[in-house]
Amino acid sequence: MAIELGTTDVRKIYLGTTLVNKAYVGSNVVFGANAGAGSVLSSNFDDNVILYGVGTAQATASIEFQTDGTVVGGNISQLNWFSTITAGIGSSYWLLVNTPSSGTFTAGTTGSRLALSSVRLYTAVTTGTGQVRSKSVTATYEIWNASTGGTQVGTGTIVLSAEVDNS
């Protein structure tokens, strides 16, 4: 059975004639949006996200957790941390990105819960000339419904990988 991009909306993927909500490589989501009915469930955003950046002088890989429940990043078509896109939903949730298990973020706060009422950006940046340089960061994240205590409503792993190759 063929996997193909939608013909009227290239942000959709089909397996045969069936619309695919998520596509994975191994256990890592490479395309998709969370389905749901407007509420965060304990398993609603348990995803691993890999984002790549490449360049010839500088490369940046980034992920942004938006205030409306979406996630934006280099190779993400559409991914939500909340089950439906909802203006201002971030004011009810907090993001904790744990200290990376490998690498360090170029930008982004780790180790404390941050209100999703503001966009939360995490980046890995590398630069170089006449050589190959790379930077990779792996960290787990958690989404909570309170600044302290409360219920953890989502968790997963972020991998940012940036590579400059101008050798």
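This is a predicted model: local features need pLDDT of at least 70, side-chain atom pairs count only at pLDDT 80 or more; totals for chains, interfaces and linings use all residues.
Me: What makes strand β7 (residues 58-65) and β8 a pair?
Reply: β7 and β8 are joined by three bridges and run in the antiparallel sense.

Me: What is the order of the strands in the open sheet?
Reply: It goes β9-β8-β7-β12, four strands with antiparallel pairing.

Me: Why are β9 and β12 called edge strands?
Reply: β9 and β12 each pair on one side only.

Me: Back to Thr70 in strand β8 (residues 70-73). Is this residue buried or exposed?
Reply: Thr70 has a relative accessible area of 10%. Buried means under 20%, so Thr70 counts as buried.

Me: What makes the link between the side chains of Thr70 and Asp68 a polar contact?
Reply: The two side chains come to 2.6 Å. The limit for a pair of N or O atoms is 3.5 Å, so the value falls within it.

Me: How many aromatic pairs does a search of the whole structure find?
Reply: Three. One of them is Phe82 with Tyr93, at 5.9 Å centre to centre and with 50 degrees between the planes.

Me: Why is the Phe82 and Tyr93 pair called tilted, then?
Reply: First the distance: ring centres must lie within 6.5 Å, and 5.9 Å passes. Then the angle: stacked needs under 30 degrees and edge-to-face needs over 60, so 50 degrees lands in the tilted class.

Me: Which parts of the chain does that pair tie together?
Reply: Phe82 and Tyr93 both lie in the loop between β9 (79-80) and β10 (94-97), so the pair ties together parts that are eleven residues apart in sequence. With the cut-off at under 20%, Phe82 counts as buried at 3% relative accessibility. Tyr93 is also buried, at 12%.

Me: How do you know that Arg113 lies over the face of Trp144?
Reply: Arg113 is at 3.7 Å from the ring centre of Trp144. The distance test is within 6 Å, so that value passes.

Me: What about Gly111, buried or exposed?
Reply: Gly111 comes out at 53% relative accessibility. Exposed means over 50%, so Gly111 gets that label. Gly111 is found in the loop between β10 and β11 (114-115). Not counting residues up to four places away in sequence, Gly111 touches Leu96, Val97 and Asn98. The C-alpha atoms of Gly111 and Tyr141 are separated by 9.7 Å, and these residues are 30 apart along the chain.

Me: Is Thr123 buried or exposed?
Reply: Thr123 is in strand β12 (residues 120-127). Its relative accessible area is 9%, against a limit of under 20%, so Thr123 is buried.

Me: Which residues touch the most other members in the largest nonpolar core?
Reply: Phe65, Trp81, Tyr93, Leu95, Tyr122 and Leu160, out of 26 residues. The elements that give two or more residues to this core are β7, β10, β12, β13 (132-144) and β14 (152-165). β14 gives the most, with five residues. As for Tyr122, leaving aside neighbours within four places in sequence, its contacts include Ile63, Leu95, Val97, Phe105 and Leu160.

Me: How many helices and strands are there in the chain?
Reply: Zero helices and 14 strands. Of the 167 residues, 37% count as buried. Among contacts with a separation of 6 or more, 55% are between residues 24 or more positions apart.

Notes: Residues are numbered from 1 along each chain as its sequence is written. Side-chain values use heavy atoms; hydrogens and water are left out. Buried means under 20% relative accessible area, exposed over 50%, partly exposed in between (1.4 Å probe, protein chains only). A polar contact is a pair of N or O atoms within 3.5 Å; within protein, one must be able to donate a hydrogen and the other to accept it, and residues adjacent in sequence count only if both atoms are side-chain atoms. Rings of Phe, Tyr and Trp (its six-membered ring) pair if their centres lie within 6.5 Å; planes under 30 degrees apart count as stacked, over 60 as edge-to-face and the rest as tilted. A charge sits over a ring if NZ of Lys or CZ of Arg is within 6 Å of the ring centre and within 35 degrees of the ring normal. Contact means heavy atoms within 4.5 Å. Two strands pair if DSSP finds at least two bridges between them. A nonpolar core is a set of buried Ala, Val, Leu, Ile, Met, Phe, Trp, Tyr and Cys residues joined through side-chain atoms within 4.5 Å.
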